[in-house]
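Hi,

Here is the structure I promised to send over. Have a look at it first, and then read on for my notes.

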Amino acid sequence: MDSTLSPQQRLMAAASPPDASCVIGIDGELDVDGLRARLERVALRHDLLGAHTFHQHDGDAFHLDKYARRGNESPLHATLVRREPFRHELVLTLPALRTDARGLRNLFHEVANGDEREVVKYAQVAAWQNALIEQNPATPALPAPLPFEPGGDSPRGPAARSVDVDPDDLDAAAARCGVSTPDFLLACWTTLIWQQTGTAEPVVGLVCDGRVYQELEPVIGPLAKSLPVVARLADTDPFGQVAARIRHAVSEALEGESFWDPAASDSAWGFEYVDLPSPVESGGAVFTLLDHFAWTVPIGVQLRCQRGTHGLRLTLEFEQAHADAAMMDCLLEELVALARNAQPETALGALSAVGPAQAERLAGFNRTAVEFADARCAHELFEEQAAKDPARTAVTADGTDTSYGELNARANHLARRLVELGAGAETLVGLCLERGLDMLVAVLAVHKAGAAYVPIDPSHPAERIQLIVEDTSLPIMIARDEESAILRAYGGRTALVGGSQGADGRNLDLDIDPDQLAYVIHTSGSTGRPKGVQVSHRAFANFLHAMRLRPGIAADDSLVAVTTLSFDISGLELYLPLTVGARVTIADRATAADPAALSALLDATGATMLQATPVTWRMLVTSGWAGRPELTALAGGEALPPELAAELRPRVRALWNMYGPTETTIWSTCGVVGSGPMTVGLPIANTCVHVLDDELRPLAIGLTGEVYIGGSGLARGYAGRPGLSAERFVPDPFCGGRMYRTGDLARLDPHGRLRIVGRSDGQVKIRGFRIELGEVESVLARHPAVRAAVVTTAAEPSGGLRLDAHVLPAPGALATAGELRSYLRQRLPEPMVPARIGIVGALPLTANGKIDRAALPEVGVEVGGGHVPAGTGLEHALAGIWREVLGMEAVGVTDNFFDLGGHSVLLVQMSSLVAERLSMEITPLTILEHPTVASLARHLSLGEPGTAERPDIGETDEARAAGGRERLLQRRTRTERQ
């Protein structure tokens with residue numbers, strides 16, 4: 001870079017900024033020749049100009065495009081536009097490196113009235129500034145980040161959005177706070193940045209003109225500087241104190257204006273306040289500076305305040321690579337609202353940035369009312385399709401196609417049996433069935449009988465099943481085998497599904513109130529007991545109607561169902577196709593967990609729709625799945641990673657991101673995933689989504705708060721938990737009725753789309769499974785050898801999360817990680833069992849006596865039998881792959897994959913790496929059957945002479961393989977949200 005350039009010029013040259021421009025209005029008799037001569041004198045007077053070009057033409061009202069580079073050779077380019085005989089506009093354009101905003105105002109004065117003051121050569125100023133920097137290097141401040149992400153196909157380059165405000169109102173507000181109007185606006189701007197970013201100490205670049213000495217005042221060249229203004233803010237700070245703090249910070253920043261360094265100018269946020277010069281009368285004409293722009297420093301978003309005869313204009317200048325125009329419009333709305341709401345005594349935490357315009361915008365996002373003409377229950381919509389075309393295939397399961405008519409008849413037969421057993425309105429019926437046709441028949445039968453189903457996963461531990469049975473006092477259970485251990489322990493009335501059917505296959509035609517319960521699904525509870533969510537027929541039917549609108553489904557669609565019944569999203573898979581005459585294929589447990597088998601099933605059935613958690617989508621992608629161009633992909637249950645979405649989108653017709661807790665009936669928002677920021681889309685029909693603060697006040701667009709969901713999809717509450725129901729389901733003051741407090745943290749974008757950013761409590765998602773950390777801690781603490789336990793999450797190498805447990809033993813007790821893991825597996829679904837359990841001597845505490853989770857040590861892996869190192873070349877290669885996939889420093893050849901925290905996603909990843917790097921035919925099932933390095937190496941080397949073996953570990957491997965198969969099946973089928 002040329003050392004003769006000033007610091008400002010070097011900074012601008014590195015960023016390739018747009019030209020500087022200004023528009024001067026000229027009213028009255030204009031001497032064009034005199035204007036041309038004056039421009040020539042100006043160009044010769046300043047060493048950065050030297051020459052100019054001049055063009056003249058007639059035209060309508062001329063609007064300055066501040067950001068278009070003009071193809072002129074001379075530094076100063078002038079265009080005179082005659083709008084009327086006595087009204088002109090003069091447009092002046094200069095390269096960015098030759099002026100700043102103050103320089104443009106100086107240029108206006110010289111063009112309008114001349115200036116005979118001696119001008120310092122800019123080259124001398126540049127040398128002086130460079131010398132100062134060498135003597136006094138600055139210390140950069142830490143900038144507040146920009147929380148915005150533009151769309152992937154958004155334009156790039158600078159842009160601006162503006163709004164005009166009444167300066168008198170701002171003057172009065174500033175006076176109430178005891179500060180100047182510029183300081184008041186900067187305090188408002190800093191507060192808004194604090195709200196948007198969550199940064200306790202935001203840094204704003206204060207743009208000043210840099211003419212600290214009288215000799216520099218007439219210089220046209222770039223001298224502007226951005227000085228960091230830093231202020232620490234907190235919820236309880238009164239705004240008046242903040243304004244005074246900002247005033248003091250500005251004074252401190254200006255003290256160092258002469259010793260400025262570009263390194264201190266790297267701020268994501270900027271602020272500039274300019275008093276435009278008054279109109280100048282000269283030679284019978286009045287010259288008015290209408291607008292001007294000069295790029296100063298590389299700032300992501302800058303607020304420029306221009307005050308003149310027209311009033312006060314607030315302009316946000318921004319780089320489109322960092323933000324989009326819609327968000328900037330929202331920021332301007334919020335800034336104006338914040339300035340109007342700011343009172344000296346108002347605490348920042350209570351200062352709202354929502355004004356009338358944005359309040360209307362937020363209300364518009366929730367105008368989702370749709371009056372569905374068909375108010376029947378879900379099973380009645382199915383019955384209509386069965387009557388319309390009884391021979392049409394409804395479901396493919398267990399290797400057999402079943403027509404709508406046959407499915408309806410079988411469900412009617414079972415429903416009559418349920419009625420005989422006493423099933424009716426509000427009766428809860430347990431469904432303890434494996435995936436298949438019988439499961440779908442049972443669901444339909446329960447609804448036809450007017451009852452509600454309670455799914456019970458047969459693979460869950462007996463204690464977990466018992467808790468669900470006790471929680472719901474189940475009077476009736478449906479199963480396939482009366483000899484099952486679950487039924488033997490149950491003791492209530494039972495109905496068997498399957499086998500021969502009765503002759504009466506007619507519909508029961510019971511009068512079912514839509515407000516009756518349709519199902520009760522249990523989710524993790526922080527007290528150590530699962531809680532049952534009660535969902536009505538009305539809520540479920542509304543959901544299905546909404547899904548028929550978005551994403552949409554038609555009679556010629558084919559949906560493959562891969563979700564266990566205990567995960568509420570199975571309701572979409574089983575019912576949505578049947579309400580429109582489409583076909584559902586129910587994948588069995590093994591197929592749903594095997595990417596090759598699932599891919600083959602999608603192709604064989606001509607699948608056009610698949611709903612799955614991100615863990616299943618990642619399993620498919622990792623296995624090398626080529627995709628299906630005709631497939632609509634629905635992803636939900638946990639956060640959809642952007643990198644996974646980027647891999648999925650080219651493989652499918654459309655990718656939808658779905659969001660919603662069980663308490664609001666499956667999905668509450670959905671949206672097509674594009675190339676822009678990841679969101680969960682817009683509210684579905686008859687659903688309201690609010691982002692609120694702790695006082696249940698709506699937050700401005702872009703601000704993070706808790707998600708509340710209202711509308712027709714709300715569950716009735718939690719079974720037998722009136723206190724918890726009242727705590728989580730609260731009155732909705734915005735849409736009426738009730739709303740559910742989700743605990744999810746999110747922010748809205750300018751288009752009303754929701755972006756989830758985290759949780760406000762101890763709930764997490766592990767491979768799609770909804771887990772309350774408190775429940776795992778509670779179960780662990782019941783072990784007699786445990787005094788206390790803390791459960792945390794940690795990142796896996798695959799990009800997901802795992803559970804880690806930190807256990808403080810009871811005095812004198814001994815417990816190993818393996819024993820505790822075995823204890824938990826008897827009581828919790830597999831995804832709730834921590835992958836790693838560490839025994840600690842003490843739990844770190846904060847100053848106020850709470851557990852200091854941040855200070856907990858990293859949990860290592862405890863395996864039994866001691867570490868046995870690899871012996872053969874194949875064992876070394878396999879152990880290296882295991883270490884990479886599991887993120888471990890060492891793996892012994894007798895260490896079990898599942899005891900090391902392995903699960904279905906890592907299994908697929910490992911099998912792919914083994915096949916790729918070792919050129920061996922291998923599937924996830926191979927590792928499932930051989931879960932140690934030694935057993936897998938022996939299996940892969942069979943028939944290869946000269947391969948060393950370890951004959952002393954065979955029986956152990958076979959035993960571990962058997963346990964591993966069952967554990968993996970449990971993990972795979974539980975990698976879903978409950």
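This is a predicted model: local features need pLDDT of at least 70, side-chain atom pairs count only at pLDDT 80 or more; totals for chains, interfaces and linings use all residues.

Asp398 sits in the loop between β13 (393-397) and β14 (400-403). I picked it out for its backbone: phi is near 55 degrees, a positive value in a residue other than glycine. Asp398 has 57% relative accessibility, so it counts as exposed.

You'll find Thr665 in the loop between β25 (652-659) and β26 (669-672). Is Thr665 buried or exposed? Its relative accessibility is 1%, so Thr665 counts as buried.

The peptide bond that joins Arg550 to Pro551 is cis, with omega near 5 degrees.

Now the chain overall. It has 978 residues, and 58% of them count as buried. The secondary structure comes to 28 helices and 38 strands. Taking contacts with a separation of 6 or more, 70% are between residues 24 or more positions apart. The accessible surface is about 37,800 Å², and carbon and sulfur atoms hold 50% of that.

On confidence, the average pLDDT is 85, and 88% of the residues score at least 70.

As a general point, nonpolar side chains tend to be buried together in soluble globular proteins. In this chain, the largest nonpolar core has 75 residues, and those with the most contacts inside it are Leu407, Leu418, Leu431, Leu440, Ile478, Phe543 and Met547. Helix α12 (residues 437-448) gives this core its largest share, nine residues. Which residues does Leu440 touch, leaving out those up to four places away in sequence? They are Val395, Leu407, Leu574, Leu578, Val584 and Ile586. There is also a second, separate core of 71 residues, with Cys208, Ile246, Ala342 and Ile701 among them.

In α5 (residues 167-177), the buried residues are Pro167, Leu170, Ala173, Ala174 and Cys177. These cover an arc of only 125 degrees around the axis, which puts them on the same side of α5. Asp168, Asp169 and Ala175 are exposed on the other side. The cover over the buried residues of α5 includes β5 (158-165), α6 (181-197), α7 (239-255), β11 (301-308), β12 and α8 (325-341).

The other one is α24 (residues 873-886), with 14 residues. From its first C-alpha to its last it reaches 20 Å, close to the 20 Å expected at 1.5 Å a residue. Its buried residues are Leu874, Glu875, Leu878, Ala879, Ile881, Trp882, Val885 and Leu886. Viewed down the axis of α24, they fall within an arc of 160 degrees, so they line one face of the helix. Just after α24, Gly887 has a positive phi of about 70 degrees.

Back to β12 for a moment. Leu314 is in this strand (residues 311-319), and at 2% relative accessibility Leu314 counts as buried. Beyond four places in sequence, Leu314 touches Arg161, Ser162, Val163, Val165, Leu185, Leu303, Arg304, Cys305, Leu332, Leu335 and Val336. From Leu314 to Glu272 is 42 residues in sequence and 9.9 Å in space, C-alpha to C-alpha.

Last item: Ala363, in helix α9 (residues 356-365). With 34% relative accessibility, Ala363 counts as partly exposed. Ala363 and His690 are 327 residues apart along the chain, yet their C-alpha atoms are separated by 9.4 Å.

Cheers

Conventions:
Residues are numbered from 1 along each chain as its sequence is written. Side-chain values use heavy atoms; hydrogens and water are left out. Helices (H or I, at least four residues) and strands (E, at least two) are DSSP runs, numbered from the N terminus. The expected span of a helix is 1.5 Å times one less than its number of residues. Buried means under 20% relative accessible area, exposed over 50%, partly exposed in between (1.4 Å probe, protein chains only). The arc is that of the directions from the helix axis to the C-beta atoms. A nonpolar core is a set of buried Ala, Val, Leu, Ile, Met, Phe, Trp, Tyr and Cys residues joined through side-chain atoms within 4.5 Å. Contact means heavy atoms within 4.5 Å. Accessible areas come from the Shrake-Rupley method with a 1.4 Å probe; for residues, only the protein chains shown count as cover. pLDDT is the predictor's confidence in each residue, from 0 to 100.
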